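Look at the structure first, then work through the points below.

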Amino acid sequence: GRQVCYCVYTWYDTLCRYYECLVSLVTSGSPVDWADTEGVTALMLAAVGDTEGRAVEYLLGHRARPGVADMQGHNCLHYAAAAGNSGAVQQVLEWAGEELGREAGGSSSTALHLAATNGHKDSLVILLSRQEGADSQDSRGRSPLYLARSVMEVAKMLTCLAISSHL
């Protein structure tokens, strides 16, 4: 039969349809931690797109393991932080604890690095309030602070270019 992860790929349907599909698959015995060929699980995908938190809560409540990593070494907290889904960041930390976020992915980037890289302020605030590691470095020697600064510099540069092109 179909696995939980494939159901999540129909994310473009309404959340209600997705949630009903997810519940149906889990209650029929599909493994909640099943992963595709890249190691991506339903919980990782829900952490990206489930802004209401229903699917994330359901999967965690049915023993989906938040520490499962994909082929790049990223877990669901990495996915939520990279996407800026602050609700999922909060949910996962409450279920799994602060240690999960300190785990680095394949590039040695923590969830804090990924939130900083993408400029997701709300996720950054949650991660910083729950964890240490603002000075941790990725494999290139960059801290989350450095990455956040880089994002701001690019945003300022693009804003200046946009303004000057309209003058």
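Angles under 35 degrees between two axes count as roughly parallel, and angles over 145 degrees as roughly antiparallel. The model shown here is predicted.

**The chain as a whole**

- The chain has ten helices and zero strands.
- Along the sequence, the pattern reads α-α-α-α-α-α-α-α-α-α.
- The chain holds 167 residues, and 41% of them are buried.
- Take the contacts between residues at least 6 apart in sequence: 69% of these join residues at least 24 apart.
- The accessible surface is about 9100 Å². Carbon and sulfur atoms account for 55% of that surface.

**How to describe a helix pair**

- Two packed helices are described by an angle and a distance, both taken between their axes.

**Helices α4 and α6**

- Helix α4 spans residues 54-61, and helix α6 spans residues 86-96.
- Their axes are 10 Å apart and meet at an angle of about 15 degrees.
- That angle falls under 35 degrees, so α4 and α6 are roughly parallel to each other.
- The crossing of α4 past α6 is right-handed.
- On the α4 side, the contact uses Val56, Glu57, Leu60 and Gly61. On the α6 side, Ala88, Gln91, Val92 and Trp95 take part.
- What kinds of residues make up the contact of α4 with α6? Five are nonpolar, two are polar and one is charged.

**Helices α3 and α4**

- Helix α3 covers residues 42-49 and packs with α4.
- The angle here is about 155 degrees, with the axes 8 Å apart.
- An angle over 145 degrees counts as roughly antiparallel, and α3 and α4 are therefore roughly antiparallel to each other.
- The crossing of α3 past α4 is left-handed.
- From α3, the contact includes Ala42, Leu43, Ala46 and Ala47. From α4 come Ala55, Val56, Leu59 and Leu60.
- This contact of α3 with α4 has eight nonpolar residues, no polar ones and no charged ones.

**A residue in a loop: Asp33**

- Asp33 sits in the loop between α2 (15-27) and α3.
- Is Asp33 buried or exposed? Its relative accessibility is 19%, so Asp33 counts as buried. The cut-off for buried is under 20%.
- Which residues does Asp33 touch, leaving aside neighbours within four places in sequence? Asp33 is in contact with Thr41, Arg63, Ala64, Arg65 and Val68.

Methods. Residues numbered from 1 in each chain as written. Predicted model: local features only at pLDDT ≥ 70, side-chain atom pairs only at ≥ 80, totals over all residues. Heavy atoms only, no water. Axes fitted to C-alpha atoms, helices over the stretch in contact; angles between N-to-C directions. Helix = DSSP H or I, 4+ residues; strand = E, 2+ residues; numbered from the N terminus. Parallel < 35°, antiparallel > 145°, perpendicular 65-115°, else oblique. Left-handed = near helix turned anticlockwise from the far one by under 90°. Contact = heavy atoms within 4.5 Å. Nonpolar A, V, L, I, M, F, W, Y, C, P; charged D, E, K, R; others polar. Buried < 20%, exposed > 50% of the residue type's maximum accessible area, 1.4 Å probe, protein only. Areas by Shrake-Rupley, 256 points an atom, 1.4 Å probe, with all protein chains shown as cover.
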